[in-house]
Amino acid sequence: MPGYYDRQHLADFGKIADTSPELGKKFFDYYGSVFADGALSAREKSLIALAVAHAVQCPYCIEAYTKDCQEKGADLEQMTEALHVTVAIRGGASLVHGMQMRETAQKLGM
Amino acid sequence: MTIRAVVEDLANDRKTPRAGTSLRRRGSPLVSTAEQLRTLDAVQLEREGRRVEFDTLLGGALRPARLEIFQVNLGKLCNMTCRHCHVDAGPDRWDCVMPDEIVDQVIAAIGKTCAHAVDITGGAPELHPRFRDLIEAAVGFGKQVMDRCNLTVLLLPRNKGLVDWLAERGVEIVASLPHYRRPNTDAQRGQGVFERSVEAMRLLNAAGYGRGDPKRRLTLVSNPAGAFLGASQATAEREWRQSLQREHGVTFDRLFVLNNMPIARFLDWLQQSGNLEAYLQKLVQAFNPASVAGLMCRNTLSVGWDGRLYDCDFNQMLDLEIEGGLHISDFDEDAWHARSIVTARHCFGCTAGAGSSCGGQTA
């Protein structure tokens, strides 16, 4: 194996179920159901997946859901806005910890 | 009105945005349809490790159902030059425009055909001097008539009043709009096309189109802005309806979602962008046997600008004539029903995913 990430792993993902096939089948069935049209459209779910893919920084998911968003009819503006939701939450999550910093600092400071 | 006058108008038209130029103007080798077919054949296409062709995957000859749609291509003249055009249409394509005598032969054939619908396409068919004659005749024969319209053509000064004229005759407008938002539409058709398209939709809505009246039907036709397949038609229709209504206050009756065909300018784009092999392979992987029964080539006759007959508009653009090489002047419906349909690798475009035909998704 040349490195930690290999593009072919995405294409071969289904083979993960060669071992523990029952669990694999349950996972992939569930996965398929999650992304079907429901109260949210398949396009909306794909945009959420794209945002989460960037949050978990999974290159496989980023490739898969960039393509999937395009096929579901999302344009680059919509996809970029979804990404900024990731950025806002990640950034906000850091920033909100600043309240802890402030409280600690204020308690100790004069 | 003559073709010369139309061509001059188009040369002076500064309002219609254009995305590029025709392959013909660029002197591309893909002007040759033989070169296009060679390009498609040269790609290594595999499924489950074996080379595949359309016929072998289909498992036999493709046979016609009953003739329902009589499709007439009036020629390649168009006010636009979209980057994905399978016709290689444009304002410079006056070399391929249906001559008067062929229009007369087409009208005579429409009078005799069992097909219940007449589907008029191009180029922009509205630019043809005999466009209205053809519609009058078809309506007179009791046919349901469809105009495959690029929307922006309706805004040209020479077409003032055309929308009302079409509405009075109950002509369905089948209008191409790649996407319900600006970026992808303009990327494919030219900067500013989306806004012009919405303006044309407003004209259509004002004439009663797109408001649920079966005599004023406005169908939108979407296709992907890139090397990927179209979205699910039913889901996309809901999203388009909400967004176009909310953002622009325009309405339509139904949405067709088509795949892009690897022909002419889309083939050129696939090659130039390095997407050709992966796109064809994607079409093959997405081959869906359930899409075959509803393919347009099974119920549609396609008439070229010079009167030659084809199984579909895509075969027409690749010069793949109907079996036996028929002409509209000697059209024989029995021969049409007895033939096998001519196929090649581009046909994978219509059988991929949910299927793709002039009437939208087929599976």
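In the predicted model, B:I69 stands opposite B:A117 in strand 4 of chain B. Strand 3 (residues 69-73) and strand 4 (residues 117-121) of chain B run parallel and are joined by five bridges; strands are DSSP runs (E, at least two residues) and helices are DSSP runs (H or I, at least four residues), numbered from the N terminus. Two strands are taken to pair if DSSP finds at least two bridges between them. Residues are numbered from 1 along each chain as its sequence is written, and chains are lettered from A and ligands numbered from 1 in the order in which they are written. Local features of this predicted model need pLDDT of at least 70 and side-chain atom pairs count only at pLDDT 80 or more, whereas totals for chains, interfaces and linings use all residues.

In chain B, eight strands form an open sheet of mixed pairing, in the order 8-7-6-5-4-3-9-10. Strand 8 (254-257) and strand 10 (309-310) of chain B are the edge strands, each pairing on one side only.

Chain B contains 14 helices and ten strands. Of its 363 residues, 52% count as buried, that is, with 20 or more other C-beta atoms, placed from the backbone, within 10 Å of their own. The C-alpha atoms of chain B fill a box of roughly 55 × 45 × 40 Å along the principal axes.

Twelve residues from chain A and twelve residues from chain B make up the contact between the chains, residues being in contact if their C-beta atoms, placed from the backbone, lie within 7 Å. Helix 4 (59-71) of chain A is among the elements that give two or more residues to the side of chain A that touches chain B.

Conventions
Contact = placed C-beta atoms within 7 Å. Buried ≥ 20, exposed ≤ 12 C-beta atoms within 10 Å, placed from the backbone.
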